[in-house]
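Q: Can you take me through the salt bridges here, then through the backbone? Please say how buried the residues are.

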Amino acid sequence: MQRQAIAISKQLPNLNAMRALWLGALALAFVVVQAVMAQARPDSLAPLAEQISPSVVNITTSTVIEGRTGPEGVAPEGSPFEDFFREFQDRDGQDGRPRRSSALGSGFVISEDGFIVTNNHVIDGADEILIEFFNGDELEATLIGTDPNTDIALLKVDADGPLPFVPFGDSDVARVGDWVVAMGNPLGQGFSVSAGIVSARNRALSGTYDDYIQTDAAINRGNSGGPLFNMDGQVIGVNTAILSPNGGSIGIGFSMASNVVTNVVDQLQEFGETRRGWLGVRIQDVTEDIAEAIGLDPVAGALVTSVPDGPALDAGMKDGDVITSFAGVDVQDTRGLVRQVGNSPVGETVRVVVFRDGETVTLRVTLGRREEAEGAVPAVAVEEDEAPEAPATKEVLGLTLSTLTDEMRTELGVNEDQEGLVVTDVVETSEAYEKGLRAGDVITEAGQQKVTSIASFETRLAEVEEAGRKSLLLLVRRGSDPRFVALSLEK
């Protein structure tokens, strides 16, 4: 026992030494982490601002506005106020003479040969565009092209030598909480820098191709078209809009993501206009009740409500298909699909996977050009597999349905060949009313099968109930706008 105690006592100094060594290593690691964190968040943004400032520009636009025409006399002739009102009219352009209006904005140089990016609304309608550089030089710019859908415009100046410019970064790698810097010409005060963080990603405001980065970096009027930088001095957004009750910054600003902007800029440089891919379908999001009604799991994809003449119809796509994959990328919702199709090259042949009748079907679609297809009217498929019957009505699921007659077609303004059941009344306390169905809507499909009579509707309803479905999927048309609505069958 004594020998064992002596052995343990001899080991204690070694254990203490190892513990001290371990604590020392831990302390050193802590110091290193602190140093790395300090390096990741610099004490000053001045070096970054000095690096990127020369590429940021102020933009002044000038527009000739026709003089207003209005009553010649506001005050009675001979009145003591006659001269005052005449002076007011002259100053306001009421004398009919054209006057010149100016506006201010921001932009940034993206190439040494003078290409400049800004917002479309900054230069929209401008007769003259003047670029002021950070060093005070001024040059007149030429408009290369615009894209109102993303509010992006591309300008060009001719300089005597190469211009300082900034590169685009990958906006998809920007994380909520990352530091960002905004630069521009707020309220016409000249070059200004503000800093903040990425507050949110993938914001949508009102446009089809919206993909905004939300930031709390101060953005005010005049900042429009200016760049949003990451800490590497790369542009990850174009400052476009603010949310504000008073017109000033309250820390909610929006910058169009650079991955959207670069695609637009490339097309404007090459063609002077955008050329977006076009699939040729009308779609809506898949909801949980719609997914249950068609047996789709998981709840995702874009539900096809109409297939007019175009690429999708040529490839064999049908009403009621759910697009689950486009060009190898899973489709989560309609917004994601529209953006992906729009960013695809015109004329490219892509694989589109659809969910149809409980199975997946792969189609090969050659994309058209969206700009050429704007205003296309959806085709209406006509199926005359049942003999016409006398007008009849049926009350089901909170709806009163009636067969379409020629008189009803005229009253509703629908195509004379349109088949289906017209909704003549909707119970206001029903699920159908809550989901937006109204008198005058026309139901053309039930259970993903066409209905042309009350009898065919009852058949579809019975088939869905026998299959154990909890809801019935209806294709409803209001005017030329189709959409799917799922109504619960549970009592």
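A: A salt bridge is a side-chain nitrogen of Lys or Arg within 4 Å of a carboxyl oxygen of Asp or Glu. The model is predicted: local features need pLDDT of at least 70, side-chain atom pairs count only at pLDDT 80 or more, and totals for chains, interfaces and linings use all residues. Residues are numbered from 1 along each chain as its sequence is written, and side-chain values use heavy atoms, leaving out hydrogens and water.

The salt-bridge rule gives a count of 16. Start with Arg175 and Asp178. Their closest N and O atoms lie 3.2 Å apart. Asp178 is partly exposed, at 21%.

Next, Lys394 and Glu458 form a salt bridge of 3.2 Å, N to O. Lys394 sits in strand 22 (residues 393-396) and Glu458 in helix 12 (residues 454-466), so this pair ties together parts 64 residues apart in sequence. Helices (H or I, at least four residues) and strands (E, at least two) are DSSP runs, numbered from the N terminus. Lys394 has 21% relative accessibility, so it is partly exposed. Glu458 is partly exposed too, at 37%.

Lys435 and Glu431 also pair up, at 2.9 Å from N to O. Lys435 is partly exposed, with 26% relative accessible area. Glu431 is partly exposed at 28%. Some salt bridges join into a network. One links Glu273, Arg275, Arg369, Glu371 and Glu372.

Now the strands. Strand 3 (residues 115-119) has 5 of its 5 residues buried, so the rest of the structure largely encloses this strand. Strand 3 runs antiparallel to strand 7 (residues 152-156), with 5 bridges joining them. Two strands pair if DSSP finds at least two bridges between them. Ile116 has Leu155 of strand 7 as its bridge partner.

Further along, strand 8 (residues 179-184) pairs antiparallel with strand 9 (residues 192-203) over 6 bridges. Here Trp179 is partnered by Ile197 in strand 9. Strand 9 also pairs with strand 10 (residues 212-215), again antiparallel, over 3 bridges. Ala200 has Gln214 of strand 10 as its bridge partner.

Strand 9 holds Asn202 as well. Its phi is near 55 degrees, a positive value in a residue other than glycine. Most residues other than glycine have a negative phi, and most peptide bonds are trans. Asn202 is partly exposed, at 39% relative accessible area.

Asp151 has a positive phi too, about 60 degrees, although it is not a glycine. Asp151 lies in the loop between strand 6 (142-147) and strand 7. At 12% relative accessibility, Asp151 is buried.

A cis peptide bond comes next. The bond from Asp297 to Pro298 is cis, with omega near 5 degrees. Pro298 belongs to the loop between helix 6 (288-294) and strand 16 (302-306).

Finish with Asp321, in the loop between helix 7 (311-314) and strand 17 (322-326). Asp321 is buried, at 2% relative accessible area. Thr305 is 16 residues from Asp321 in sequence, and their C-alpha atoms are 8.1 Å apart in space.

How values were computed:
Buried means under 20% relative accessible area, exposed over 50%, partly exposed in between (1.4 Å probe, protein chains only).
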